[in-house]
Amino acid sequence: MEPRLSTDLRGGMLHQDCIQMDPGLFVRALCKSAEAYEAAMTFGEVVGIARQGSQISAVRLADGSTIACDTVVLAAGAWSGLVLERWLGISMPIGPLPQQKLHLSLDGPPLGCAVRWLGANIVQRLDGLIHLGSKPDDTGFNAATTSEGKEWLLERVRTVLPSLQFQVSESAAGCAASTPDKIPIIG
């Protein structure tokens, strides 16, 4: 499936459910779909909630305005634990998992399959780029790209796919949400 894999590899496992999603494109698609159902879109920074008794009645925006609501969906990612504590007084062990990634432009044919090796995912994206990630860091909410992180990732792709010809087209860092046992909290 991928002739550029190192001949030093002793084995592997095929997973056919590996996907990559661009979160910005996903959110834009959600907005477009919601607008098709006549939802009104308001863009702003949410800084708190308003209550009537024990019921949440509105979300507060940084500009001082509020948006009335019957239901709130908390989608704050790595900041969800802080938001729950500050706004609702609920303690949940959700915090940041800072990670670095690279996007590679290939010289040659696309990958025949996704590869995971020593903590790195190497996945062909539909736009032609290769996603190479993610190097975890221990920097709290201070996710940043570093030369050490870039080399950590490049060492993995060069070892497992030694004949892959590419250029680094993007280096990025961000925070994923994490729990102490790395298992999502449902409910």
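Biologist: By class, how many nonpolar, polar and charged residues does the lining of the second largest pocket have?

Modeller: In this predicted model, the lining of the second largest pocket has 13 nonpolar, eight polar and four charged residues. The volume of that second largest pocket is about 800 Å³, and among its 25 lining residues the closest to the centre are Gln 20, Met 21, Asp 22, Pro 23 and Lys 101.

Biologist: Which elements give two or more residues to that lining?

Modeller: For the second largest pocket they are helix 1, strand 4 (95–106), strand 6 (120–124), strand 7 (130–136) and strand 8 (166–178). Strand 8 gives the largest share of this lining, with five residues.

Biologist: And the largest pocket, how much space lies in there?

Modeller: The largest pocket holds about 1100 Å³ of space, and it is lined by 27 residues, of which Thr 42, Val 46, Val 59, Val 72 and Val 73 are the closest to its centre. Two or more lining residues come from each of helix 1 (23–36), strand 1 (46–52), strand 2 (55–61) and helix 2 (80–88).

Biologist: What does the lining of the largest pocket have by class?

Modeller: There are 24 nonpolar residues and three polar ones in the lining of the largest pocket, with no charged residues.

Biologist: Let's switch to strand 7. Is strand 7 mostly covered or mostly open?

Modeller: Strand 7 is mostly covered, since six of its seven residues are buried. As for its partners, strand 7 pairs with strand 4 in the antiparallel sense over six bridges, and strand 6 also runs antiparallel to strand 7, joined to it by four bridges.

Biologist: Which residues stand opposite His 131?

Modeller: On the strand 4 pairing, His 103 stands opposite His 131, while on the strand 6 pairing, Val 123 has His 131 as its bridge partner.

Biologist: What sits between strand 6 and strand 7?

Modeller: Strand 6 and strand 7 form a hairpin with five residues between them, and in the turn Gly 128 has a positive phi of about 95°.

Biologist: Where is there a cis peptide bond?

Modeller: The cis peptide bond joins Gly 133 and Ser 134, with omega about -5°, and Ser 134 is itself placed in strand 7. For context, most peptide bonds are trans, and most residues other than glycine have a negative phi.

Biologist: Which residues other than glycine have a positive phi, then?

Modeller: Leu 118 is one of them, with phi near 45°, and Lys 182 is another, with phi near 65°. Leu 118 is placed in the loop between strand 5 (115–117) and strand 6, whereas Lys 182 is found in the segment after strand 8.

Biologist: Are Leu 118 and Lys 182 buried or exposed?

Modeller: Leu 118 counts as exposed because its relative accessibility is 52%, which is over the 50% cut-off. Lys 182 is exposed as well, with a relative accessible area of 57%.

Biologist: What about Thr 179, buried or exposed?

Modeller: Thr 179, which also lies in the segment after strand 8, is buried, because its relative accessible area of 10% is under the 20% cut-off.

Biologist: What is Thr 179 in contact with?

Modeller: Leaving aside neighbours within four places in sequence, Thr 179 is in contact with Pro 93, Ile 94 and Ile 185. There is also a polar contact of 3.1 Å between the side chains of Thr 179 and Asp 181.

Technical notes. Residues numbered from 1 in each chain as written. Predicted model: local features only at pLDDT ≥ 70, side-chain atom pairs only at ≥ 80, totals over all residues. Heavy atoms only, no water. 1 Å grid on protein atoms, 1.4 Å probe; cavity = no way out; pocket = protein on both sides within 12 Å on 5 of 7 lines; lining within 4 Å. Points joined across faces, edges and corners; volume = space filled by probe spheres on them. Nonpolar A, V, L, I, M, F, W, Y, C, P; charged D, E, K, R; others polar. Buried < 20%, exposed > 50% of the residue type's maximum accessible area, 1.4 Å probe, protein only. Pairing = 2+ DSSP bridges. Polar contact = N/O pair within 3.5 Å; in protein donor to acceptor, adjacent residues only side chain to side chain. Contact = heavy atoms within 4.5 Å.
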